[in-house]
Amino acid sequence: MPFVGAVAAPHSHLQLFTRPAENNDYKATVARGRKALGVLRQQVEKSGADTMLIFHDDHFVNFDFRCYPPFCLLIAKEAKGSGVIDPAEIEAITGASYKKYPRKASYGSAPAGMPQHVSDWEGSQKPYVYSVDEELSVRMLKELLAMGFDMPFTTNGTMDGELVLTQNFLNPKADKAIMLLFTNGYVPPIPHPQRCYDLGKAIRKIIDSSDRKVLILATGGMSHFPGTPLYGEVDEEFDNHVLDLLSKGETKALAAMAPEEIVSRGDGELVNWIIAAGVIGDDIKATVVEYVRLWHIGLGYAYWEPR
């Protein structure tokens with residue numbers, strides 16, 4: 001069976017560093033999250049996947065308010081991105097290798113006033129380079145269009161630091177090809193959850209008819225409120241409700257939620273997980289590995305094995 005499993009992993013940059021003022025309890029919580037990512041990495045390796053199909057919400061790197069599509073598929077031969085801290089530090093934590101460009105001495109800091117983890121600031125000399133399964137991406141684009149999904153596509157494969165972070169932990173040697181489906185988990189109105197779920201079901205039909213061993217990676221969240229007066233708040237009750245639904249295989253309940261509810265609970269990035277739920281199928285129970293709260297965000301870690 002071409003579908004070989006799925007993982008849901010947070011992409012928060014807080015998983016890669018702690019500030020000196022943070023106490024030991026907080027640092028231990030970060031360590032719990034890293035350990036959970038280690039469990040997910042084991043699942044990725046166990047799956048035998050050769051291609052990783054990633055659902056990830058763009059953080060204003062490829063899109064902005066002039067045009068912010070609900071979904072967008074990358075059509076390219078490779079995708080590049082920058083890390084959220086210096087690659088040498090990331091390598092020490094995750095084992096992730098990176099490309100060392102001649103005469104480029106530092107990857108460690110973005111220009112003044114530019115957030116390193118969200119901005120496209122290094123031009124073509126990005127330290128993380130991933131091969132894209134272009135053939136399957138093109139096929140997916142054409143078949144989704146034929147199924148009635150008006151799927152935008154882009155040839156710019158810029159990966160923000162959060163997306164790179166998940167690869168640092170889960171695809172550290174960049175030895176698995178990737179496919180990228182960018183989503184809108186930030187700018188209301190977000191895609192309707194039912195449409196996300198239906199898109200996932202359509203994608204499953206396409207990968208099941210391919211000869212690739214495809215693993216799904218859904219990134220994001222959980223609850224947080226960036227750019228709003230609620231920044232710093234975390235809706236732990238809703239986060240744990242979502243994880244409980246996943247553990248019971250009740251993914252249709254997520255598809256039935258109103259987009260306004262998801263946004264109001266700080267879980268807009270849940271659109272990625274709902275697409276993954278559509279791929280995985282009805283009544284398939286997730287294994288919830290961990291849930292932690294860092295200072296401004298809840299982080300959930302889960303995986304599904306194929307049935």
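Helices (H or I, at least four residues) and strands (E, at least two) are DSSP runs, numbered from the N terminus. The legends describe a predicted model, in which local features need pLDDT of at least 70 and side-chain atom pairs count only at pLDDT 80 or more, while totals for chains, interfaces and linings use all residues. Residues are numbered from 1 along each chain as its sequence is written, and side-chain values use heavy atoms, with hydrogens and water left out.

**Figure 1. The cis peptide bond between Gly221 and Met222.** Omega of this bond is about 25°. Met222 belongs to the loop between β9 (214–219) and α6 (236–247). Most residues other than glycine have a negative phi, and most peptide bonds are trans.

**Figure 2. The cis peptide bond from Pro188 to Pro189.** Here omega is near 0°. Pro189 is located in the loop that lies between β8 (177–183) and α5 (193–208).

**Figure 3. The second largest cavity and its lining.** On a 1 Å grid over the protein atoms alone, a cavity is a set of points where a 1.4 Å probe fits but cannot get out, and lining residues have an atom within 4 Å of a point. Gly220, Gly221, Met222, Asp267, Glu269, Leu270 and Trp273 line the second largest cavity. Its lining comprises three nonpolar, two polar and two charged residues; Ala, Val, Leu, Ile, Met, Phe, Trp, Tyr, Cys and Pro count as nonpolar, Asp, Glu, Lys and Arg as charged, and the others, Gly among them, as polar.

Figure 4. Buried means under 20% relative accessible area, exposed over 50%, and partly exposed in between (1.4 Å probe, protein chains only). Eleven of the eleven residues of α9 are buried, so the helix is largely enclosed by the rest of the structure. Among these buried residues are Leu270, Trp273, Ile274 and Ile280. Contact means heavy atoms within 4.5 Å; leaving out residues up to four places away in sequence, Ile274 touches Pro193, Cys196, Tyr197, Leu254, Ala255 and Ile262. The C-alpha atoms of Ile274 and Ala218 are 8.6 Å apart, although the two are 56 residues apart in sequence. Gly281, which follows α9, has a positive phi, near 110°.

**Figure 5. The largest nonpolar core, with 51 residues.** A nonpolar core is a set of buried Ala, Val, Leu, Ile, Met, Phe, Trp, Tyr and Cys residues joined through side-chain atoms within 4.5 Å. The members that touch the most other members are Phe55, Met140, Leu144, Leu181, Leu199, Ile203 and Ile216. Helix α9 (residues 270–280) supplies the largest share of this core, nine residues. Another core, of 48 residues, lies apart from it and includes Ala49, Ala79, Leu170 and Leu180.

**Figure 6. Helices α2 and α4.** In α2 (residues 87–94), the residues Pro87, Ile90 and Thr94 are buried. They cover an arc of only 55° around the axis, which puts them on the same side of α2; the arc is that of the directions from the helix axis to the C-beta atoms. The buried residues of α2 pack against α1 (24–47), β5 (128–131) and α4 (161–170). Helix α4 is mostly covered, with ten of its ten residues buried, including Glu162, Gln167 and Asn168.

**Figure 7. The surroundings of Glu122.** Glu122 lies in the loop between α2 and β5 and is buried, with a relative accessible area of 9%. Not counting residues up to four places away in sequence, Glu122 touches Ser82, Lys104, Tyr107 and Pro127. Between the C-alpha atoms of Glu122 and Tyr107, which are 15 residues apart along the chain, the separation is 8.4 Å.

**Figure 8. Positive phi at Ala174 and at Asp283.** Ala174, in the loop between α4 and β8, has a phi near 55°. Its relative accessibility of 30% makes Ala174 partly exposed. Asp283 has a phi near 65° and lies in the loop between α9 and β10 (287–294). At 58% relative accessibility, Asp283 counts as exposed.

Note on methods:
1 Å grid on protein atoms, 1.4 Å probe; cavity = no way out; pocket = protein on both sides within 12 Å on 5 of 7 lines; lining within 4 Å.
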